[in-house]
Amino acid sequence: MIGNQAHAYTTSLPEDSAGHHDLGELGVWFFRALLLVPFVLMAPEVMSAILGRPDGVANVSASVADVLGTSTFLIFIMMLAVTPVRTITGWRWHLILRRDYGIAMFFTAATDITLAATTTGDTFPGGVLTRVGGHTFLLAGTLSTLLLVPLVITANRPAQQWLGRHWKSVQRLTYVVWGTVLIHLFLLFGLTTIFLFALAVSAPLALMRIPPVRRWWDSARRAGRHRALRAVATAVLVAVFAAGYVPLVQELAAKGSAAFAQQPVLD
Amino acid sequence: MIDRPARRRRAKQLLDGVTVACVAVAMAIGTGQLVTEGVQEFIFRPPGVGSSASEVDTSTGAAEVPPPQTAEIIPTPAPPVPSASPSPIERSRGHHAGHYR
């Protein structure tokens, strides 16, 4: 949700033609539509649980972390990617997605934690608090979700005007959430699979946020300098990002389709 | 009437308060669980709990149960107990003894 305050929530394209504007709007709505995917994937199981069908609750319990947890992280990464994409390409049409993805991340994480608290009694015996904070990895996830509250409260124009220059410092909480999410994944998976994928997607996004790197890239792009170097660097950054992002999407596709068919993967 | 910088400062303080409250809630849950469940239960995650990546986790080997080998399907005999005269059971197993060497 963090970004340059002056244009944090704008899609204005002052120098673009109407055609580019239409394409940008189409792109924005396409990426907004993707935010419905985790809820669509979970809907059949949740409906079954609400209707009290056999295995309804057990299916939700088996799928919730895989589908909503992975979705939350993917949405978070997409949100974090908005600023580096602007630095690299100079595009502005997608900047509004930073707010949309931030809010969607909160709602996906909140749904995840709510369903986990109500349905995972088979995995985590005990009360609701045990299911959201009974282990270190659960606590890291819960803390990440709670830290999204001040971010989502201030993810609008009135809050931006209300806080003025302090708005950006509040939004820097995003970086703390980034850290707690990575801790959550490390405690869950150790130095394997999803945590390594998370590091792979995080590395280019973090690199492009280092002020000297960002400034150099911005000025080089504006001046049209170092084209070859920037092209090679972009290719490397995209490759590293894809190395982590693609397996995560595959994970969501596998677990999400199984959840949609109400045959969750029990592993 | 409050001037704008002062109002913004108070807004920031309010948001800081919200943030601290959120962290405090998480810490309270964690501390409560640590006290009730114990350190072992809180820190160490039982294999398979909460983690369900599609890929096979090869980091520790603790979470996965490898498929049984043929040799494991056949029950391992108890270590031989030295005796002066073999029992009838030991005598009848004698010609399979080679499998266990």
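Predicted model: local features only at pLDDT ≥ 70, side-chain atom pairs only at ≥ 80, totals over all residues.
Setting aside neighbours within four places in sequence, I found A:Phe76 in contact with A:Met105 and A:Val181.

Next I looked up the core. The largest nonpolar core holds 68 residues, and A:Phe76 is among those that touch the most other members. A:Ile75, A:Ile77, A:Met79 and A:Met105 are listed with A:Phe76.

I followed α3(A) to its packing with α12(A), residues 227-260. Their axes come within 9 Å and cross at roughly 155°. An angle over 145 degrees counts as roughly antiparallel, so I logged α3(A) and α12(A) as roughly antiparallel to each other. I noted the crossing as left-handed. On the α3(A) side, the contact residues include A:Ser63, A:Asp66, A:Phe73, A:Leu74 and A:Ile77. On the α12(A) side, I picked out A:Tyr245, A:Leu248, A:Glu251 and A:Lys255, among others. By class, this contact has ten nonpolar, five polar and three charged residues.

From α10(A), the contact takes in A:Ile194, A:Phe197, A:Leu199 and A:Pro204, among others. From α12(A), the residues include A:Leu237, A:Phe241, A:Tyr245 and A:Leu248. How do the residues of the α10(A) contact with α12(A) divide by class? I recorded 15 nonpolar, one polar and no charged.

Then I turned to chain B. Its secondary structure comes to four helices and zero strands. From the N terminus on, the order is α-α-α-α. Of its 101 residues, 10% count as buried.

Last, I looked at where the chains touch. The contact takes 36 residues from chain A and 27 residues from chain B. Which elements of chain A give two or more residues to this side? I listed α3, α5 (128-133), α6 (136-153), α7 (157-163), α8 (166-171), α9 (173-189), α10 (193-207) and α12. The largest share, ten residues, comes from α6(A). By class, the side of chain A that touches chain B has 20 nonpolar, 13 polar and three charged residues. I note that α3, α10 and α12 of chain A, the helices followed above, are all on that list.

Note on methods: Residues numbered from 1 in each chain as written. Chains lettered and ligands numbered in written order. Core = buried A, V, L, I, M, F, W, Y, C linked by C-beta atoms within 7 Å. Buried ≥ 20, exposed ≤ 12 C-beta atoms within 10 Å, placed from the backbone. Contact = placed C-beta atoms within 7 Å. Axes fitted to C-alpha atoms, helices over the stretch in contact; angles between N-to-C directions. Parallel < 35°, antiparallel > 145°, perpendicular 65-115°, else oblique. Left-handed = near helix turned anticlockwise from the far one by under 90°. Nonpolar A, V, L, I, M, F, W, Y, C, P; charged D, E, K, R; others polar.
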